[in-house]
Structure formats: structure tokens, C-alpha cells
2 protein chains.
Amino acid sequence: MRIEIVAVGTELLLGQIADTNSKWLGEQLAAIGVASHFHQAVGDNQERIVLALRTAMARSDGVIVCGGLGPTHDDITRDAIAEVMNVPLERDQAVVDKVRGMFSGRGREMPDSNLRQADVPVGAVIIPQTKGTAPGLICPVGYKVIYAVPGVPYEMSDMFQRAIAPDLRVRMAERGEATGVIASRVIRTWGMSESGVADTLADHIDQLDAVPGDGAGTDRGGEGDRSGRTATIAFLASGIEGIKVRVTVGADDAGAASRLLDDEEARIRDILTAAAGDVVFGIDDEAIEDAVARAVAVDGLTVGLAESLTGGLAASRLVNVPGASRWFRGSVVSYASEVKFGVLGVPVGPVVSEEAARAMADGARRVLGADVGLSITGVAGPDTQDGQPPGTVFVGLARPDHGTESFAFTVPGDRERVRQYATIAALDLLRRTLAPGAAG
Amino acid sequence: MRIEIVAVGTELLLGQIADTNSKWLGEQLAAIGVASHFHQAVGDNQERIVLALRTAMARSDGVIVCGGLGPTHDDITRDAIAEVMNVPLERDQAVVDKVRGMFSGRGREMPDSNLRQADVPVGAVIIPQTKGTAPGLICPVGYKVIYAVPGVPYEMSDMFQRAIAPDLRVRMAERGEATGVIASRVIRTWGMSESGVADTLADHIDQLDAVPGDGAGTDRGGEGDRSGRTATIAFLASGIEGIKVRVTVGADDAGAASRLLDDEEARIRDILTAAAGDVVFGIDDEAIEDAVARAVAVDGLTVGLAESLTGGLAASRLVNVPGASRWFRGSVVSYASEVKFGVLGVPVGPVVSEEAARAMADGARRVLGADVGLSITGVAGPDTQDGQPPGTVFVGLARPDHGTESFAFTVPGDRERVRQYATIAALDLLRRTLAPGAAG
């Protein structure tokens with residue numbers, strides 16, 4: 001079963017609002033094993049909505065059209081659907097009464113424009129409105145179907161769960177399609193390039209591709225229509241969030257899918273670790289700061305920062321973790337050199353150097369009363385500083401019983417990205433050092 | 001000129017990431033007077049990318065296809081374009097050399113998979129990469145065109161501005177299309193609600209609507225093809241970035257558009273200031289930190305922060321401003337109470353209070369050697385602290401010759417949003433205090 005999503009609204013084309021509805025619907029369809037190979041957005045123009053719907057109906061088994069069901073003159077999705085179905089609109093008295101009742105319940109007279117919302121293409125079934133005034137529609141077109149829902153996100157999601165998902169399940173069963181689940185897991189890495197991750201996993205992907213099955217492997221399918229039972233793998237370069245490896249599996253039920261994902265995650269971790277060490281820092285929504293919190297918890301240590309280059313960015317990420325107050329002491333954002341000298345005790349001299357990074361880490365430990373001091377200094381650009389080019393980053397790390405170490409990195413990008421890369425590089429170093437191999 | 005946007009990536013269909021690129025491109029096209037009647041999203045599947053491109057080429061004058069140009073096996077946009085153009089791919093040695101150079105510049109060997117990025121459909125022109133490894137493409141198809149750009153947002157936007165927008169202007173001129181311009185300006189405010197801004201400007205909008213013109217006023221048509229000559233006004237609630245008022249005008253050339261925008265900006269500033277005081281903090285991309293930098297420059301003061309609630313977020317925004325090192329000394333991120341007591345000299349006791357905020361501001365001035373100390377303490381939630389509910393924010397401000405003041409705010413949202421609102425509220429206070437009426 002392939003369902004195309006068509007979002008209606010000129011404001012989407014003009015980029016005035018983001019199309020979060022299509023994103024949400026795509027997620028929901030994937031979760032119930034319905035394929036979605038195309039999304040479209042189209043403006044409030046009847047001719048073009050009709051064209052978009054006909055295009056979608058030609059290449060998919062059905063459409064969810066979202067938006068344009070409201071009461072104003074530019075809400076014309078109903079008219080467009082009637083044109084595609086080649087039927088007239090008929091006013092539904094029950095909907096009129098219901099909308100009138102909602103107005104009078106709030107002590108208001110219903111403006112006549114609301115009558116439009118009761119116009120229904122002949123042959124369509126109404127999805128009753130429970131949260132707004134505009135009803136949804138289920139419109140059979142031959143053996144295919146057009147679902148229409150309002151563009152207001154909570155009205156849309158309510159109607160999808162209450163009426164569309166059940167209707168889709170019935171149609172899939174009628175077509176004899178497996179009503180299994182498709183599930184994904186994201187394995188997050190830091191320290192390898194996208195092509196490096198891809199090359200390292202290439203043999204494994206070839207093996208998956210070689211598994212006999214129905215469109216499984218890396219068929220690039222993965223858009224929900226596979227009935228295969230092996231994994232597909234995709235890569236996502238996420239800039240300052242690292243390189244993500246997404247594994248997708250199809251299975252009969254959620255439990256079986258979860259077991260397949262566990263197996264595949266273990267295999268990918270093994271391959272990446274053998275090739276490049278401890279590069280996997282998290283799963284799904286886990287960010288680098290969550291990995292740091294886990295690593296810190298192993299020995300129950302407290303952490304203090306000294307930040308120059310990153311100007312507080314590293315601290316602001318650590319405080320995102322719930323419970324950070326148990327282990328995070330704070331940060332001395334020593335942007336001015338005099339603050340490095342006066343507060344942190346850095347020897348007067350160049351402040352972009354490994355020596356300065358170590359002195360900053362020691363200063364952070366001492367001033368903030370922390371077990372572990374982490375420091376970041378470097379050059380954001382565009383100019384060089386202390387003879388170092390933009391993108392130069394030095395990280396200092398002071399730990400009990402280990403002395404104070406320093407590390408050099410070179411990161412790409414403009415000022416903002418240099419800061420963000422430097423932040424994740426420093427936090428990744430902290431994670432790896434405090435709990436080698438224990439993260440993720 | 002009608003350009004369709006085609007976003008490529010299975011992750012878009014699965015709802016794993018939001019399609020922010022299409023939104024951004026839609027905005028940019030509208031700004032240069034190019035219509036965009038349809039957007040599509042399609043997965044990493046060659047057959048379907050080809051179908052999406054052919055559909056788009058049939059109903060528009062050209063396509064911007066975004067994503068699928070990377071080095072991995074699922075980056076197949078190049079192959080799909082070659083199929084639509086009905087030409088082979090040819091490896092471009094200059095691109096190979098450039099990508100290899102980027103790797104060796106970072107002391108790394110180029111993985112072979114990167115060679116794919118140098119494959120160019122015969123007849124296509126390369127848009128050189130300046131920020132990443134994948135080049136963009138300009139591919140003529142008869143008298144129409146396919147532009148291909150990477151899905152990484154900053155690479156995409158760079159190539160649009162550097163190569164695609166100029167090429168579109170040439171094509172529009174060749175078609176004899178009005179090369180008038182549509183220009184927008186965003187007036188950024190902090191301190192009023194969206195409906196408050198809308199109500200305040202309602203009379204002015206009514207006056208604009210009453211001006212006879214071609215589809216001007218607040219008419220919603222406008223998918224980039226408006227020829228009206230008066231201003232339209234829209235509101236955009238941008239959460240932690242405040243409420244934005246966007247003014248859009250059409251004019252014969254950039255100079256005329258700029259004069260219309262100047263007039264309209266002045267009128268809107270007057271109306272908002274008369275109703276609510278100094279709420280306009282910036283124009284277009286100017287963020288609150290830019291407004292702070294301007295305000296600080298008036299008297300040549302230096303600034304130091306003491307942050308608890310915001311955990312370094314305020315500092316990390318200030319260092320975004322070029323030249324911040326001239327006036328920004330640093331921040332003491334005193335997340336642990338002991339750091340407030342020991343480093344900043346806050347009296348032992350409740351740390352979420354106006355007294356603590358004032359002591360922190362004094363401490364920031366003293367410890368960081370700054371003229372002005374600004375402090376932020378409060379409760380991010382979900383639990384209360386020192387008897388204060390989540391969303392409570394106290395800001396301290398210590399200035400030469402003014403003594404030390406404190407201010408209380410209540411802000412909405414979860415932990416993350418409370419921090420972000422507190423940051424902008426504190427920085428807005430600093431801006432207003434240091435240079436009343438001089439901002440924007």
C-alpha cells in the first residue's frame with residue numbers, strides 16, 4: 001500500500017511556515033507499514049490542487065491531503081477533490097448543525113462562511129470533527145482513496161489516528177498485505193567522515209544485499225513498502241551532530257523488530273569499533289551531552305569547564321541533561337585573556353596553545369572545585385591568533401591521578417561551526433576518556 | 001518563471017528530519033519574484049527520483065533538486081538527472097583533485113567513494129563547492145533547467161545565492177519577464193505577544209488593504225507572481241526570537257523597493273513604539289546579541305556575565321557577534337550553588353532570588369573585571385527550587401554609577417525553552433538599559 005501526502009497551502013510554498021504535518025504523517029505511515037514514496041506541497045489554487053491530486057493518484061494507491069478545509073474563500077480542497085472524483089458537492093445538514101452548535105456553545109453566531117465546511121463530495125464519508133469545525137473526508141476513487149484532513153496539526157493527527165489508520169489497515173488486509181511493522185534505529189558516531197563510515201560498512205551492506213528476500217537489503221527502498229525481513233542501512237551526515245547510521249527493519253510485530261534491530265546494532269558497533277575505536281556515542285535521540293553524563297556517572301565524578309573559543313557553548317549543552325546539577329559544577333568562560341590569567345591562573349603568554357589549554361583545565365578544576373577539568377581554547381577565525389590558523393582547537397583535560405593532558409584538533413567551517421565542532425570534539429574526548437568503551 | 005523544488009531523501013518521507021531546505025528555497029524564490037507552484041519530496045530511489053523530476057519538468061519551467069549528491073551508495077541524484085537528460089555521467093578530474101585536496105589538507109586519505117561526487121552528467125555545468133565536498137550542478141534540459149544542490153543546509157544556501165539566483169535572473173530576462181523585484185524586511189520585536197503586535201498594527205494594515213492595486217494588501221495569493229506595488233504585512237511568532245513583522249513590497253528595482261521598505265519600517269516602528277515602547281530590537285537577521293553589541297558600543301563599556309539557569313547560553317550568544325572580544329570579558333557559569341558562594345561571593349542562602357541575582361551581577365563585575373555585570377538565575381523545572389515555580393527568572397544588573405538592580409520575569413515552556421527565553425529576556429534588558437531608544 002503506497003500513500004502519497006499532499007500538503008495544501010500557499011504559505012508552505014512561500015516558506016512562511018514549515019510543513020511539519022507531512023513529517024508527522026510520514027512517520028505514522030512508516031510505523032504501520034504503509035509506504036510513502038512521494039510528498040507534494042501545493043498552493044491554494046484549485047487547478048493546481050487537482051493536478052497534484054491526479055499526479056499522486058497515478059503513482060500511489062491513495063492520498064492524504066492536508067489543509068484547505070477551513071471556512072475561508074481560499075479553502076478549496078473540497079472543490080478540488082470533487083473535481084477529481086467527478087462528482088458534485090452536497091451540503092451535509094448534520095455537519096451544519098454541529099458547527100452551528102459549536103458556535104452557539106461559545107455564545108457566538110456562526111458566520112455564514114462556515115457553511116462551506118459542510119460541503120461534501122457525493123460518495124465521500126465524513127470523518128467527524130472532535131477538536132475543530134472542519135470535518136475530514138474519506139473519498140473512494142475507484143479502488144483507490146483520497147483522505148482529506150485539516151491543516152491544524154492536532155486536528156490532523158486526531159483524525160489520522162481515529163479514522164485513517166484503521167481504514168488503511170482494512171484496505172491492507174483486503175489487499176492481502178502483511179500488516180507488519182517497520183522500525184528504525186539510529187546509531188550516532190563521532191570521529192569518522194561519512195565516506196569513512198560508509199566504506200567501513202560496505203562489506204556488511206553487500207552481505208545484507210545478497211540475502212534473498214523481497215526487496216530487502218539496501219534497495220534504497222526503505223520507504224515502508226518492503227516485505228523483506230532483513231535490514232537496510234542508510235547514512236546521514238549531521239554536521240555538528242556527527243554521522244548517523246540508520247538501520248531499518250520490517251517484522252511481524254514490534255517485539256520481533258526490536259530483536260532484529262538489537263542484532264543489527266550489535267553487528268554495526270562491532271564493525272565500527274574494530275575499524276576506528278570508540279566512535280559510537282549514542283542511539284536515536286541521545287546527544288553527546290547524554291553520553292558525557294553516562295560516562296561521568298561511572299565513577300561518580302564532578303566536572304568543571306574553562307571555555308575560551310566556545311564561549312559557554314559546551315556548558316550550555318551539558319546543562320540540557322536532566323540531573324546535570326549532580327555532577328556539573330559550572331564553567332569559567334574566559335573570553336578575555338586577562339580572565340584566563342587572573343581567574344584561571346594561566347601563565348601570561350599565548351592563549352592558543354597546548355600549554356594554555358592544560359593550565360585552563362587545571363584552573364577549572366581548582367576554581368570550580370571539580371574532580372575533572374575540561375578546557376577549550378582555539379581560533380574561531382576569520383583571523384589567525386597567536387600564529388594559529390582558524391579551526392585550530394586545543395582541549396585540556398585534568399583528572400585526578402592522571403595528571404593534565406592536552407589534545408589538538410583541526411575543525412572546518414565558519415566561526416559558528418568551528419565553535420560547535422570544537423564543543424562536540426571536546427565533549428567526545430571527555431566521554432571516551434572517562435568511560436572508554438562504556439558509552440552508547 | 002516557475003521553479004519546482006524536489007527534496008531527495010528517504011529520511012524526509014519517513015519523517016525522520018524536517019524538510020527545512022524546501023522552506024528556505026521557497027522563501028528565496030519568492031523574494032526574487034520566481035513562482036513555485038509545487039514542492040515534492042522523494043526517497044533515495046533512482047526510478048522514483050526520475051519520476052519526480054519528470055513530473056516537475058512537465059508542470060514547471062525548471063527544478064531545484066536538493067540532496068542525494070553525497071559520496072555514499074544511496075546518493076543517486078546525479079544518476080537520476082543523467083537519466084532525465086538522457087546523457088551519460090563523466091568523471092570531472094578538477095572535482096576529484098579538489099576533494100582529494102580537502103582530505104589531504106586535514107591530513108586524511110580520501111576514501112574512494114568520494115570519487116562519485118566528481119561524476120557529472122554530460123552537458124551539465126558544475127557549481128564549485130566552497131563549503132563541502134559535493135559540487136552542485138546546472139543541467140540544461142531543452143529550454144528548461146535542473147539545478148542540483150547538496151542537502152546540507154549551509155552548502156545548499158551558499159550555492160543558491162552564488163550560482164542559482166544569478167542564473168535564474170538571466171533566464172527571466174531572456175524570457176522577457178518583468179525583472180521587478182519583490183523585497184521583504186523583517187522587523188524584530190521582543191516584549192509583545194503576537195496578537196498584541198497584530199492588534200496594534202490592525203488599523204495600519206486596513207489602510208494598506210484599502211489602497212487600490214494589483215493583488216496587494218494582505219491578499220494571500222502571491223506564490224511569487226504578485227505585481228502589486230504596495231506593502232503587505234505578515235506576522236511570525238518565532239518563540240525565543242520574538243515576534244517578527246515581515247513587510248513585503250514589489251517594485252521596479254532594488255532601489256525603489258528599498259525606499260518603500262524604509263518608509264514602511266519607519267511607520268511600523270512609530271506605531272509599535274507609541275504603543276509599547278522600545279520593543280523593536282533588530283532588522284532582518286539581526287539577533288538580540290547584535291543589538292547588545294550596538295548598545296554596548298555607545299559608551300564603550302565592557303560586559304561580564306554570571307549565569308546559573310542559562311548555563312552559558314547567554315555567553316555563547318554574545319560571542320557570536322564579530323568583534324565581541326573588544327567588549328565581552330566572559331561568564332562565570334555558576335551551576336553549582338557552591339560556585340555562586342565561593343567564586344561570585346553570593347551570600348549563602350537561597351540562590352533563586354533577587355538578592356542572589358544582584359550579588360551574582362556584582363560578582364561578575366568584580367571577578368571578570370568588567371564595567372557591567374549581568375546575571376541570570378531562576379528555575380528551569382520541572383521541580384520548584386527555593387520555593388519558586390519553573391519559569392521564574394531573576395536578572396541582576398550592576399553598572400557603574402547606577403548601583404545594582406534586579407528584575408523578575410516569568411517565562412513559559414519546558415527546561416530548554418525556559419533557558420532560551422531567560423537568555424533573550426536578560427539580553428534585551430541589557431540592550432534597553434545601556435542604550436534606551438538607540439537600538440535597531
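How many bridges join strand β14 (residues 328-334) of chain A to β14(B)? Select both strands and count: five bridges join them, and the two strands run antiparallel. Strands count as paired if DSSP finds at least two bridges between them. Strands here are DSSP runs (E, at least two residues), helices are DSSP runs too (H or I, at least four residues), and both are numbered from the N terminus. For one bridge up close, pick A:Ser331 and find its partner in β14(B), B:Val333.

Before going on, know that this is a predicted model, where local features need pLDDT of at least 70 and side-chain atom pairs count only at pLDDT 80 or more, while totals for chains, interfaces and linings use all residues. Residues are numbered from 1 along each chain as its sequence is written, with chains lettered from A and ligands numbered from 1 in the order in which they are written.

**Stop 1: where the chains meet**

Now show the whole contact between the chains: 67 residues from chain B and 69 residues from chain A take part. Two residues are in contact if their C-beta atoms, placed from the backbone, lie within 7 Å. On the chain B side, the elements that give two or more residues include α2 (20-31), α3 (46-59) and α12 (354-368). The largest share, seven residues, comes from β14(B). Colour that side of chain B by class and you get 26 nonpolar, 27 polar and 14 charged residues. Here Ala, Val, Leu, Ile, Met, Phe, Trp, Tyr, Cys and Pro count as nonpolar, Asp, Glu, Lys and Arg as charged, and the others, Gly among them, as polar.

**Stop 2: two helix pairs in chain B**

Select α9 (residues 288-299) and α13 (residues 415-434) of chain B: they pack at an angle of about 30°, with their axes 8 Å apart. That angle makes α9(B) roughly parallel to α13(B) (under 35 degrees counts as roughly parallel, over 145 as roughly antiparallel, 65 to 115 as roughly perpendicular and the rest as oblique). Axes are lines fitted to C-alpha atoms, for helices over the stretch in contact, and angles run from 0 to 180 degrees between N-to-C directions. Show side chains and look for the contact residues, among them B:Val292 and B:Val296 of α9(B) and B:Leu427 and B:Arg431 of α13(B). The residues of this contact divide into ten nonpolar, no polar and four charged.

**Stop 3: a sheet in chain A**

Over in chain A, find the open sheet of four strands in the order β10-β11-β9-β12, with antiparallel pairing. Which strands are at the edges? They are β10 (232-237) and β12 (280-283), each pairing on one side only. From one strand to the next, the twist averages 25°. Zoom in on β9 (residues 181-189) and β11 (residues 243-251) of chain A, joined by nine bridges; one of the pairs is A:Thr189 with A:Ile243.
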